[in-house]
Amino acid sequence: MRVMTIGLLAVSAAAGCSRADTAAPAGAPLALTTTADANRAAGAAPVAATGHADPARAAAPAWREVTIPAGTALAVVLDTSIGSETSRAEEPVTAHLARALSVHGEAVLAEGTRVTGVVTDATRSAKVKGRAHVAVRFDTLTPRGDDQRYTIHTTSVGRTAPGTKKKDALEIAAPAAGGAIIGALIGGKKGAAIGTAAGGGAGTAVVLSTRGKEVSLPKGSALTLRLSQPLTVRVKS
């Protein structure tokens with residue numbers, strides 16, 4: 001009986017030692033396990049934070065569309081010089097808005113908005129008849145601060161050189177009068193007729209060999225364009 005009791009005590013002591021070996025040593029720090037650690041250990045997806053707006057989405061500007069009605073006048077300033085003697089049809093032309101454009105009291109196009117087009121006519125003055133003329137039509141608009149390009153429909157803008165009929169008449173008449181005086185000095189009515197014919201012929205020759213005035217629209221010229229069709233543009237809210 002005493003031998004059996006000693007054997008039981010030995011087995012109990014061995015079991016206690018085994019449990020002590022597997023326990024954490026005294027004074028060792030305890031590892032803290034968080035919910036995120038548990039999720040990672042289990043292979044669960046991380047939980048996204050809520051209650052915060054996306055900064056990129058919040059910073060994106062809002063746009064809306066505004067229609068500029070047909071017939072609206074656009075005041076522009078030329079950035080390209082145009083001349084009946086120097087320009088050719090289909091040459092590119094650029095200009096910019098001289099002032100901001102508003103629709104129903106709201107600013108739609110900023111000052112400096114770029115407009116582009118082409119020369120539609122560049123006719124030199126003729127020697128006998130026909131005055132010089134230049135014309136331009138704008139077909140594209142690019143708002144200031146925006147890369148968006150819009151196709152626009154506008155009426156052509158042109159200039160015609162002033163007429164020179166009165167000046168031509170004076171150029172012909174003055175030599176004719178001088179010729180008449182010379183003819184009178186030569187002698188009698190016959191001499192006067194000869195002098196008039198000679199003088200008149202000289203004046204006509206001068207007019208026929210001289211071109212009329214040319215016309216130009218230099219850089220910085222102010223023009224007014226008018227939309228022939230409505231134009232819808234994007235505007236920041």
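I count a contact when heavy atoms lie within 4.5 Å. This is a predicted model, so I kept local features to pLDDT of at least 70 and side-chain atom pairs to pLDDT 80 or more, while totals for chains, interfaces and linings use all residues. Numbering runs from 1 along each chain as its sequence is written, and side-chain values use heavy atoms, with hydrogens and water left out.

**T142.** I found T142 in strand β8 (residues 133-142); strands are DSSP E runs of at least two residues, numbered from the N terminus. Leaving out residues up to four places away in sequence, T142 touches T113, R114, Q148 and R149. Buried or exposed, I asked of T142? T142 is buried, because its relative accessible area is 16% and the cut-off is under 20% (1.4 Å probe, protein chains only).

**Second largest pocket.** A pocket here is an open set of points on a 1 Å grid over the protein atoms alone, where a 1.4 Å probe fits, with protein on both sides within 12 Å along at least five of seven lines; lining residues have an atom within 4 Å of a point. I noted a volume of about 190 Å³, the space filled by probe spheres set on points joined across faces, edges and corners. Its lining has 13 residues, with V108, P143, R144, R234 and V235 nearest the centre. Strands β6 (106-109) and β13 (231-236) each supply at least two lining residues.

**Confidence.** The chain averages a pLDDT (the predictor's confidence in each residue, from 0 to 100) of 73, and 52% of the residues score at least 70.

Technical notes:
Helices (H or I, at least four residues) and strands (E, at least two) are DSSP runs, numbered from the N terminus. Buried means under 20% relative accessible area, exposed over 50%, partly exposed in between (1.4 Å probe, protein chains only).
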